[in-house]
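This report describes one protein chain, from its overall make-up down to a single residue. Please look over the sequence and the structure before reading on.

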Amino acid sequence: MAVFYISYFILLFVCCFSDALEDESVFSKLKYDKEMLETMVRMEARMKKWDKERKIFEENVMSILEHRREEMQESFSAQNEKLQRMFEDYNEIRNELANTTSGLEELVGTLGGKQKVAFNAYTTSGGSYNDSQKIIFPHVLLNAGGGYDNITGDFTAPTAGLYYFGAHICHQNAKYMVVSIVHEGKKIALTTEYEDLKHSCSSVSAPVIMKTGEKVFIQCSYGLSEMYADTIYRWPSFTGVLVNN
């Protein structure tokens, strides 16, 4: 009888222990599923946050690109306007030089059998000039009578008579350019050119009675002068013609 009771209690214990193990396994599975669900919820929240931050970043990048596009478009428009003004200046100066040369040739033609003396020279090099410094115009378009020396910048009268001289001068923006026409060491004409925002040009001229061998040249008359010149749009020039002898 005692053996029967012992066997019964052992069987009952085994059954209860098995049920407890099954309950613990179910509880562990539920806990794991809960933790997985919580992890997925957290990941979904993070992904939504990342997606929002990505959209904000993309909007900022697009805004910056659009701003840069507008700036570049404005810059291109300004450059196009500047180029247009430069072409207009170039055409104006070219026409002025053509008219000057044509006028000189007409004056030379009216002299008939008399000695023909006329010249037209220019430079494409600018730079700073000191007071009383001579300006050289190395490129010669006309030199009838051979009076102009493109090395020294002097015109030497090959014959006595009444001459007419002119100079066309350009300045660096916001810098003065002051020049004189000088006859035998004496100024016979003077001009000053200045503008703040851009390069500009002006002309000066004067008649003078010369003896054979006397000289005329162009010189700077202000110590802080800066002349502007280039190969396309601005040619500072020095011209002269024998009007009567």
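## Overall make-up

The model is predicted. The protein chain contains 1 helix and 11 strands. Read from the N terminus, the order of elements is α-β-β-β-β-β-β-β-β-β-β-β.

Of the 245 residues in the protein chain, 29% are buried. The accessible surface of the chain is about 16,100 Å², and carbon and sulfur atoms contribute 59% of it. Among contacts with a separation of 6 or more, 72% are between residues 24 or more positions apart.

## The four-stranded sheet

An open sheet is built from 4 strands in the order β4-β9-β6-β7, and the pairing is antiparallel. Strands β4 and β7 (186-193) are at the edges with a single partner strand each, so one side of each has no neighbour in the sheet.

The partner of β7 is β6, which spans residues 177-183; the two strands pair in the antiparallel sense over 7 bridges. In one of these pairings, V182 has K187 in β7 as its bridge partner.

D154 lies in the loop between β3 (139-144) and β4 (155-156). Is this residue buried or exposed? D154 has a relative accessible area of 11%, and because buried means under 20%, D154 counts as buried.

Leaving aside residues up to four places away in sequence, D154 touches K134, G147, Y148, D149, K215, V216 and F217. With K134, the link is a polar contact between the two side chains, at 2.8 Å.

Technical notes. Residues are numbered from 1 along each chain as its sequence is written. This is a predicted model: local features need pLDDT of at least 70, side-chain atom pairs count only at pLDDT 80 or more; totals for chains, interfaces and linings use all residues. Side-chain values use heavy atoms; hydrogens and water are left out. Buried means under 20% relative accessible area, exposed over 50%, partly exposed in between (1.4 Å probe, protein chains only). Contact means heavy atoms within 4.5 Å. Accessible areas come from the Shrake-Rupley method with a 1.4 Å probe; for residues, only the protein chains shown count as cover. A polar contact is a pair of N or O atoms within 3.5 Å; within protein, one must be able to donate a hydrogen and the other to accept it, and residues adjacent in sequence count only if both atoms are side-chain atoms. Two strands pair if DSSP finds at least two bridges between them.
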